[in-house]
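I'm opening my notebook on this one. My plan is to look things up piece by piece and jot down what turns up.

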Amino acid sequence: MKKWGLFLASALLLAACSNEETEPAGPDETEDTEKAEMAVEQKSMTEEGFITQVSGESILVNNIYFSIPEDVEVQLSDGAETTEGVIRDIRTGMKVSLDYNGPLAESFPMQGDAETITILKDEESVKQADALEAFINAEQLSRLIMMGQPIVRDNEIGFLFSNMETGEMSEVRIDLDTHEYTIGGEKSE
């Protein structure tokens, strides 16, 4: 029985090591594969978050820098109706939904190209944006990166952020009504 097992293992090993070449893919098959790969790379994505920096021709939303080409589509949405906007409407602190084609450049912060920027003007989004803007102004943070998506619950917004000037990472919680906030559990002055 051992001889048959050894014989079978040897046969499988020899078959795996054969010199037989497979036929190369034809030009149509290679082209289809390249198109499929390109389609995956060009997948349309959406990022929702807050603008924490506006500089030149780019904005920072959460932890992604988006370049803003001249032909970017800017919209204003109050939840019921969407109207056309312009690049000049974009401000630090605003809540936006941003459409882009992936993939993002693997850097920190990541980088991508915006296609459509929708400024969210519904009541809840404006309330959140006002609280964030008050925090940024009070702390005089010109270079703030939100780490991930902010969490909104119990009338407060909370998020991790990195101060790019000092390299410090902290958790902040902002009351949506009073704009009072805590950084790392300590109440602001």
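First, a term I'll need: two strands pair if DSSP finds at least two bridges between them. Strands themselves are DSSP runs of E with at least two residues, helices are runs of H or I with at least four residues, and both are numbered from the N terminus.

A note on what I'm looking at: this is a predicted model, where local features need pLDDT of at least 70 and side-chain atom pairs count only at pLDDT 80 or more, while totals for chains, interfaces and linings use all residues. Residues are numbered from 1 along each chain as its sequence is written, and side-chain values use heavy atoms, with hydrogens and water left out.

**Entry: strands around β7**

I started with β7 and looked up its partners. Strand β4 (residues 73–77) pairs with β7 in the parallel sense, over five bridges. I picked out E73 and found that its bridge partner in β7 is T116. β3 also runs parallel to β7, with four bridges between them. There, I64 has M110 as its bridge partner in β7.

**Entry: the loop between β6 and β7**

Which residues does a cis peptide bond join? I found F108 and P109, with omega at about -5°. P109 sits in the loop between β6 and β7. I wrote a reminder beside this: most peptide bonds are trans, and most residues other than glycine have a negative phi.

**Entry: the cores**

Next I went looking for nonpolar cores, meaning sets of buried Ala, Val, Leu, Ile, Met, Phe, Trp, Tyr and Cys residues joined through side-chain atoms within 4.5 Å. Buried means under 20% relative accessible area, exposed means over 50%, and partly exposed is in between (1.4 Å probe, protein chains only). The largest core has 17 residues, and I59, F66, I90, L98 and I117 touch the most other members. β2 (58–61), β3 (64–67), β6 (95–101) and β7 (110–120) each supply at least two residues of this core. I also noted a second, separate core of 15 residues, which includes F50, A131, F135 and L144. My general note here: in soluble globular proteins, nonpolar side chains tend to be buried together.

I then checked the contacts of I90 (contact means heavy atoms within 4.5 Å). Leaving out residues up to four places away in sequence, I90 touches I51, V54, I59, I68, V74, I117 and I119.

**Entry: S97**

S97 is in strand β6. Is S97 buried or exposed? S97 counts as buried because its relative accessibility is 16%.

**Entry: salt bridges**

How many salt bridges does the structure hold? I got four, where a salt bridge is a side-chain nitrogen of Lys or Arg within 4 Å of a carboxyl oxygen of Asp or Glu.

- E48 and K95 meet at 3.8 Å, N to O. This pair links distant parts of the chain: E48 is in strand β1 (residues 44–55) and K95 in strand β6, 47 residues apart. E48 is partly exposed at 37% relative accessibility, whereas K95 is buried at 14%.
- K127 and D177 meet at 3.1 Å, N to O. K127 lies in helix α3 and D177 in the loop between β10 and β11, so the pair ties together parts 50 residues apart in sequence.
- E171 and R173 meet at 3.0 Å, N to O. Salt bridges with shared partners join E156, E171 and R173 into one network.

**Entry: positive phi values**

Last, I collected some backbone angles. Q140 is not a glycine, yet its phi is positive, about 50°. Q140 lies in the loop between α3 (123–139) and β8 (144–153), and counts as exposed because its relative accessibility is 69%. H179, also not a glycine, has a positive phi near 70°. I found H179 in the loop between β10 (169–175) and β11 (181–183). H179 is partly exposed, at 27%.

A further case is D154, with a positive phi near 50° in the hairpin of β8 and β9, which has two residues between the strands. Those strands, β8 and β9 (residues 156–163), run antiparallel and are joined by seven bridges. In this pairing, M147 stands opposite L160 in β9.
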